[in-house]
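The following exercises are to be worked with the sequence and the coordinates at hand. Each task is followed by a stepwise solution.

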Amino acid sequence: MVSSANSASSPTSKEVPIDVERLEEENPPTHEAKWWYSAFHTVAAMFCPGVLSLPYAMAYLGWGPGIVVMVVSWCVTLNTMWQMIQLHECVPGTRFNRYYHLGRHAFGPRLGPWIVLPQQLIVQTGCDIVYIVTGGTSLKKFMEIACISCGRIRQSYWILIFGGIHFFVSQLPNFNAVSGVSFAAAIMSIR
């Protein structure tokens, strides 16, 4: 009778909280990326937005202020990248693979997540919205150029199509799985 009462009160595997940090310590993330994957991702992340925004910057600001804004944004991006490289292993023997871990180290275990996570979510949501709208607009323009006799589809549908593609690509297991997408983006932005 006692054993059945103890087994009834013991937590099942569904009720036990998962300690993510302990799991990451036991099974550290593998670093199997090649240097050219990093090059593709860097070119796609740094160069593509500049190429997409260049016509708008020059049209709305003019040549002088447009170039100044582009150079200033490049300097800010370069400084941010340098800081991230320095903070990645700022504590000898400890590698901060997530902003969350860096925030916990910098601001403490209680305050760190409250400082880092809201900012990270705001930036990620804003970037996703901008890229999905820009991608949908680009798909629409591509179809208008490629198929002149095709019927016109509203831009909101193109945004939904690109958002659907974006959703399925985001389900890939790791960043190395999208290296082909980054390679195509890097080639198209350079071209």
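**Exercise 1.** Does F168 count as buried or exposed, and what is its relative accessibility?

*Solution.* The model is a predicted one, in which local features require pLDDT of at least 70 and side-chain atom pairs count only at pLDDT 80 or more, while totals for chains, interfaces and linings use all residues. Residues are numbered from 1 along each chain as its sequence is written, and side-chain values use heavy atoms, with hydrogens and water left out.

Step 1. Recall the classes: buried means under 20% relative accessible area, exposed means over 50%, and partly exposed lies in between (1.4 Å probe, protein chains only).
Step 2. F168 has a relative accessibility of 62% and therefore counts as exposed.
Step 3. For F167 the relative accessible area is 48%, so this residue is partly exposed.

**Exercise 2.** Classify the geometry of the aromatic pair formed by F167 and F168.

*Solution.* Step 1. Apply the criterion: rings of Phe, Tyr and Trp (its six-membered ring) pair if their centres lie within 6.5 Å; planes under 30 degrees apart are stacked, over 60 edge-to-face, and the rest tilted.
Step 1. The structure contains one aromatic pair. In this pair, F167 and F168 lie 5.5 Å apart centre to centre with 70° between the planes, which is edge-to-face.
Step 2. R154 lies over the face of Y157, at 5.5 Å from the ring centre.

**Exercise 3.** Summarise the secondary structure and the burial of the chain.

*Solution.* Step 1. Helices (H or I, at least four residues) and strands (E, at least two) are DSSP runs, numbered from the N terminus.
Step 1. The chain has eight helices and zero strands, and its order along the sequence is α-α-α-α-α-α-α-α.
Step 2. Of its 191 residues, 13% count as buried.
Step 3. A contact means heavy atoms within 4.5 Å. Among contacts between residues at least 6 apart in sequence, 49% join residues at least 24 apart.

**Exercise 4.** Describe helix 5 and its packing against helix 6.

*Solution.* Step 1. Helix 5 (residues 99–107) packs with helix 6 at an angle of about 145°, with the axes 7 Å apart.
Step 1. From helix 5, Y99, Y100, G103, R104 and F107 meet a set in helix 6 that includes I115 and Q120.
Step 2. I115 is partly exposed, with a relative accessible area of 26%. Its C-alpha atom is 9.3 Å from that of Y100, 15 residues away along the chain.
Step 3. H101, L102 and G103 are buried in helix 5, whereas H105, in the helix as well, is partly exposed at 46% relative accessible area.
Step 4. Not counting residues up to four places away in sequence, H105 touches V91 and F96. The C-alpha atoms of H105 and V91 are 9.6 Å apart in space, at a sequence separation of 14 residues.
Step 5. Just after helix 5, G108 adopts a positive phi of about 100°.

Technical notes:
Lys NZ or Arg CZ within 6 Å of the ring centre and 35° of its normal. Axes fitted to C-alpha atoms, helices over the stretch in contact; angles between N-to-C directions.
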